[in-house]
Amino acid sequence: MILETALCLVGALLGILCDWLSGWNRESILGWTAIAAYLVAYIAGGRHILLHAWSELVTGRINVDLLMIAAAIGSAAMEEWAEGGALLFLFSLSHTLETLILGRTRRAIAELMDLTPAEALVVDEQGERRDE
């Protein structure tokens with residue numbers, strides 16, 4: 001996921017650079033290169049989001065992933081490729097960070113569970129002690 005997010009960022013930035021260098025002229029070679037770079041960003045950033053949205057849609061649920069994919073497609077349809085690339089990068093980044101943080105949290109909880117003792121000393125109301 002990190003590689004896909006990074007590739008999305010590179011594609012979007014390269015597209016913006018090519019657009020800027022071409023003077024926002026889509027008919028030039030740089031204009032077509034910009035669209036190709038944006039397509040790389042869309043594919044890299046949108047693949048995981050699309051798979052997640054599809055899995056939810058199959059179960060009859062609509063989630064924010066589907067809305068983001070729709071917004072990115074809408075941006076491309078209006079020839080606002082940079083906005084769609086930025087949207088997909090930011091959303092892909094949030095998914096990547098969420099995955100990394102959840103993994104780290106799970107490992108920390110597992111390590112804490114390993115620290116629990118096998119036996120405990122229990123003191124009842126009468127003050128008697130016993131191992132459990």
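Helices here are DSSP runs of H or I with at least four residues, strands are E runs of at least two, and both are numbered from the N terminus. This is a predicted model, so to speak of local features we need pLDDT of at least 70, side-chain atom pairs count only at pLDDT 80 or more, and totals for chains, interfaces and linings use all residues. Residues are numbered from 1 along each chain as its sequence is written, and side-chain values use heavy atoms, with hydrogens and water left out.

**View A. Trp24, in the loop between α1 and α2.** Trp24 isn't a glycine, yet its phi is positive, at about 65°. With a relative accessible area of 52%, Trp24 is exposed (exposed means over 50% relative accessible area, buried under 20%, partly exposed in between, with a 1.4 Å probe and protein chains only).

**View B. The largest nonpolar core, with 18 residues.** A nonpolar core is a set of buried Ala, Val, Leu, Ile, Met, Phe, Trp, Tyr and Cys residues joined through side-chain atoms within 4.5 Å. Cys8, Tyr38, Tyr42, Ile49, Trp81 and Leu88 have the most contacts inside this one. Two or more residues each come from α1 (2-21), α2 (29-58), α3 (64-77) and α4 (81-114). The largest share, 7 residues, is from α2. In soluble globular proteins, nonpolar side chains tend to be buried together.

View C. Leaving out residues up to four places away in sequence, Cys8 touches Ala41, Ala44, Gly45, Gly85, Leu88 and Phe89 (contact means heavy atoms within 4.5 Å). Leu9 sits in helix α1 and, at 31% relative accessibility, counts as partly exposed. Leu9 and Phe89 are 80 residues apart in sequence, but their C-alphas are 5.8 Å apart in space.

**View D. Helix α3 and its buried residues.** α3 has 14 residues and reaches 20 Å from its first C-alpha to its last, close to the 20 Å expected at 1.5 Å a residue (the expected span is 1.5 Å times one less than the number of residues). Its buried residues are Asp65, Ile69, Ala72, Ser75 and Ala76. Seen down the helix axis, those buried residues fall within an arc of 120°, so they line one face of α3; the arc is that of the directions from the helix axis to the C-beta atoms. What covers them includes α2 and α4. On the face turned away from the buried side are the exposed residues Leu67 and Ala77.

**View E. Glu79, in the loop between α3 and α4.** Glu79 follows α3. Its phi is near 60°, a positive value in a residue other than glycine. At 53% relative accessibility, Glu79 counts as exposed.

**View F. Ser92 and the largest cavity.** The structure holds 1 cavity of 30 Å³ or more, and about 30 Å³ of space lies in the largest cavity. On a 1 Å grid over the protein atoms alone, a cavity is a set of points where a 1.4 Å probe fits but cannot get out, and lining residues have an atom within 4 Å of a point. Grid points are joined across faces, edges and corners, and the volume is the space filled by probe spheres set on the points. The lining is made up of Met1, Glu4, Thr5, Gly45, His48, Ile49, Ser92, His95 and Thr96, with α1, α2 and α4 each giving two or more residues. Ser92 belongs to helix α4 and is buried at 7% relative accessibility. Neighbours within four places in sequence aside, Ser92 is in contact with Thr5, Gly45 and Ile49.

Notes
1 Å grid on protein atoms, 1.4 Å probe; cavity = no way out; pocket = protein on both sides within 12 Å on 5 of 7 lines; lining within 4 Å.
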